[in-house]
Structures are given as structure tokens and as C-alpha cells.
Amino acid sequence: MAVQIETIKKLKNGLDVLPDLYRYASLGFDAIPEDEIERLKWYGLLHRKQTPGFFMQRLRIPNGILSTRQMRAIVSVSRDFGRNTMDLTTRENIQLRWLRIEDVPEVFQRLQNVGLTSQQTGLDNYRNVMGCPLAGLHHAEIFNAAPIAQSVSLALLGREFSDLPRKFNITISGCSHDCAHSRANDIGMTPAAKEINGYRVLGFHVALGGALGGTTPQLGQDAGIFLTTEQALPFSRAVLSVFRDNGSREKRTEARLKWLIREWGMARFMAEVEKVFGQPFFSAGESLLAAHNGDHLGVHKQQDEGFVTVGLLVPIGRTNAQQMAEIADLADAYGTGELRLTPDQNILIPNVHETCLERLLAEPLLQVLQPHAHGALRGLVSCTGRDYCHFALSDTKELSLQVAEELASLIPAERRVDLKVSGCVHACGQHHVGEIGLQAQRLRLEDGSIVDAFDLFVGGNHQQLATLKARKIPVDQLAGRIAAELAILDGE
């Protein structure tokens, strides 16, 4: 596979498929050659075996911030071309499904009209750049890094980084809670301070090489440097350049940044990055991280007196055009026409005045997408699952929701459970960093029948990997086992 993908990229840069994409739109799906199916990923169009002839589209929504106008454009695409289906993702992003190649030109136009793109959101490109969902709003943030995350997400698009050895994830946050999960990314920037020339300067510390998929999950390692806010973009460019030019292209399973750092060591890697960067790095300063807190549900006071953000639970991240249209209406009626997506597959309505809060909380949609959900559901994250992904061993979204609802009957409502569920070893549900992590398996019973089961991981968070505690637990036994593990964690 590695040789095949690299050959495809050498024969034709993925970005050069755009003129042909419009030609295929007029000719139909059957006219698309196999190698061009791969290149369409450079424009966010991913063909899935479970839905032959149809594409999933992954958008680019920097820092997860979008306007209601943008949301309505996404809703119109989902409604008119995507069977009303939408998924919120762990990269503060949205995926659409059931798109035909014939409709893609109109889809692109609608998104472009509101300043959205899906360029370079698939295969060997850098993906949506994440940040704190409450950037610029949270009363306890160190500084607002959203403009930096947005600039990095868009400024590096184009041919310069359209041929990386493998995908690449970046998060940039000025939030002390690290709610953008820095160490699960190839580059993770978190707030720090350093005295430079007699002045206390705010900026970033950096972790490098985080990647949770495969059989060797790894959290990002401290790079030992301090970046000023102005250096975030050129630093990202330098790291991407070194990775592009030196990362392995021989074996897909060993092509992520973490493998290059393992081969070279951090010191050599940073020396090469510094050459491209063009000046010496500052040594590390003072980390401004506090205890991790990734839950943005419920009501959160903002920096501006009298305003709050309301976080809505979207169970398993699966929603539809109607719900998102209603959320856009609510954000216009009670907020300022802005929405925020979270790494936990949920959505926020910011800038709600406290005098409107009671009416907003009484809205019918908020009885479905509950701001104050049971703790067993609050931290639930699930990958796509078998219905849309051929790697998944089970329907992880529905099964994880079933387990969480059963768990809700066994534990107190105030006990939030960070429950992360993946359908396979690729770990798209981030189970290695869940307080409770589940990885799908198939179990053969004594009577010869095969049932859905999960491996159980315990004790993870975004500063440490979870430990495998048990293999192939049948679904109908999971809730009880999880409740028992939580009791141990809580010292009961």
C-alpha cells in the first residue's frame, strides 16, 4: 500500500485533480480511475466501501469556530445532497456523507460562498487545526490563541505540504486546561511564559510526535523550547518541512512523525527544525497548564460580564441537518450568530446574555441535546463505526451509546465518565486516552456464535495512556464491568 500511495503521488500531485474532478462530475462515478479516487481525498472527498458510489466529505473548520451562515450552508449540503446526515468529529470538525460526484461542484460552491473549504483534509496532508473551544471567551484562559490556530490551518495550504509521508495533526491553545488535547497531536502547543529581555512574554511550550493509532500509541514528547505567539506559524512550517523531506515513505504504519523522532531522537530532530526555522529557539519557560478539563457542556461564564456559553451534548457526535439548522436559529436568537465545535463531538452556543439563559434552556431542542446530561454520557466519544468505515469491527456509535445508557443506571448522575470508543486499532475514538477506553473486538461463544465485544482500557487521560485491563468483554457485560472499574478508580 505504501508503494502504491507514493507512486500515485509521484505521478500526479493530489491538488492537480481539481480540473478532473469537475470532469468526473459530468461523466459520473464510473468514469473515475482508481488512482483518482485516492487523489480526490486532497479535496476532502473520501470514498467508502460501505457506501459504494458515494463520498464522505471532511471539512476544514479552524479551531472549530463557525458562523451560523456557514452552518446553514453545511446544512443545505447535508439536506440537499447528503441524506441529512452529519457527524461532529474529535478534530472540532464536521463530516458529511452520501455525496455523489455529480453534486460536488455545487457543494464546493456553496461552501466557498461562506468561506469554507475541504482542501487537504484527507490522506497525506495536515488536518484541521484545533484549539480551545472557548478561545477568546473563557474567563480563565491565558490568552486567545484562536487567531493563531486559524492562521496556521489556512496559511500552509497548497503544494508546499501537499505530499507529506502521512497525515499530520496540529493543536494550538492558550487555555490552561489543555482542552484541545495537545499531546495526542503531531504538534501540540500549550500556553507558557518566559522572561525575554526583562519582559514576561506569553507564548507556547511544544509537544511533538503524538499519535494514538496503531499498535504503538504515543503521547507527544516535550520539545524543550518556548515559542512566542508570532513564531507559531513559522515553527509549524519548519516542522512540516523536516517531516516532509525526511519522514519514512517505505511503510505506512511507520510513517507518522513519531517514527522519525524515534529514529533520530528529539535533539537531532529539533536541530534540523531549527535550521529551517532560521534562528535559535528560546529554551523552555514556565508552563501555564493546569489540570486538564475537557468538558464544555452546560453553562460557562465568559470574560464579558453577563454573558455565558451553553454547551450542548450531541450523543456520539451523530446529528442531522434539522438539528443543526435549529441550533443555528438558536445561536442567532440568543447569541451572536456564532457556534463552536468541541473535541468531544459536541457543540456550543456562545455569547448568550444571562437574561436570555432561562428561555434558551427551555427550548425543545435542548431537551434532546442536553446541556446537563447524565455523567455517563457527558464524556462519551465514538469513532464512525462499521456502518461507514470498513475498518471498524462493530457499530461503535450505537453500541457505545447503549453501554453509556446502561452505565447511567449504575452510577450517580454527577459522576462524569470520560468514555472513549474505537472500532479498531486505528483508535479514531481515542480509546488510549480515555478514563475508560473500549476497542471493538469479535468474540466467539461456546455455541459457535459470534457477538460484539470490546477490549477494556482504564486510567487514561491526555497526559497518560490507558492500561489494558481485559480483552473481549461481551457488550451485555460492559456496563457492569465499567461501573466496577470506576468504583476502583474512585477508591470505593
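Predicted model: local features only at pLDDT ≥ 70, side-chain atom pairs only at ≥ 80, totals over all residues.
An open sheet is formed by 5 strands in the order 1-2-5-4-14, with antiparallel pairing. Helix 4 (residues 68-81) lies across strand 4 (85-88) and strand 5 (94-99), and runs at about 25 degrees to strand 5. Helix 10 (residues 321-334) also packs on the sheet, where strand 4 and strand 14 are touched, and the direction of helix 10 makes about 75 degrees with that of strand 14.

Another open sheet of 5 strands has the order 17-18-19-20-21, and here the pairing is mixed. Strand 17 (381-382) and strand 21 (467-474) stand at the edges with a single partner strand each, so that one side of each is left without a neighbour in the sheet. Between strand 18 (residues 419-422) and strand 19 (residues 436-444), which run parallel, 4 bridges are found, and Ser422 is placed opposite Gln439 of strand 19. Helix 13 (residues 396-408) packs on this sheet through strand 17, strand 18, strand 19 and strand 20 (450-458), with a direction that makes about 150 degrees with that of strand 18. Helix 14 (residues 475-489) likewise packs on the sheet, touching strand 18, strand 19, strand 20 and strand 21, and its direction makes about 155 degrees with that of strand 21.

Antiparallel pairing is also found in strands 7, 8 and 9. Strand 7 (residues 187-196) and strand 8 (residues 199-208) are joined by 10 bridges and run antiparallel, with Pro191 having Phe204 of strand 8 as its bridge partner. The hairpin of these two strands has 2 residues between them, and in this hairpin Asn197 takes a positive phi near 55 degrees. On strand 9 (residues 221-228), strand 8 pairs over 5 bridges, again in the antiparallel sense, and Ala207 has Asp222 of strand 9 as its bridge partner.

Packing between helices is illustrated by helix 6 (residues 146-155) and helix 7 (residues 232-246), whose axes lie 10 Å apart at an angle of about 40 degrees. The two helices are therefore oblique to each other, and helix 6 passes helix 7 in a right-handed crossing. The contact involves Ile148, Val152 and Ala155 from helix 6, together with Ala232, Leu233, Ser236 and Arg237 from helix 7; by class, the residues of this contact divide into 5 nonpolar, 1 polar and 1 charged.

Across the whole structure, a search finds 8 aromatic pairs. One of them is formed by Phe168 and Phe243, whose rings are tilted, with 5.5 Å from centre to centre and 45 degrees between the planes. This pair links distant parts of the chain, 75 residues apart, since Phe168 is located in the loop between helix 6 and strand 6 (170-172), whereas Phe243 belongs to helix 7.

Technical notes. Residues numbered from 1 in each chain as written. Heavy atoms only, no water. Axes fitted to C-alpha atoms, helices over the stretch in contact; angles between N-to-C directions. Parallel < 35°, antiparallel > 145°, perpendicular 65-115°, else oblique. Left-handed = near helix turned anticlockwise from the far one by under 90°. Contact = heavy atoms within 4.5 Å. Nonpolar A, V, L, I, M, F, W, Y, C, P; charged D, E, K, R; others polar. Pairing = 2+ DSSP bridges. Phe/Tyr/Trp six-rings, centres within 6.5 Å; stacked < 30°, edge-to-face > 60°.
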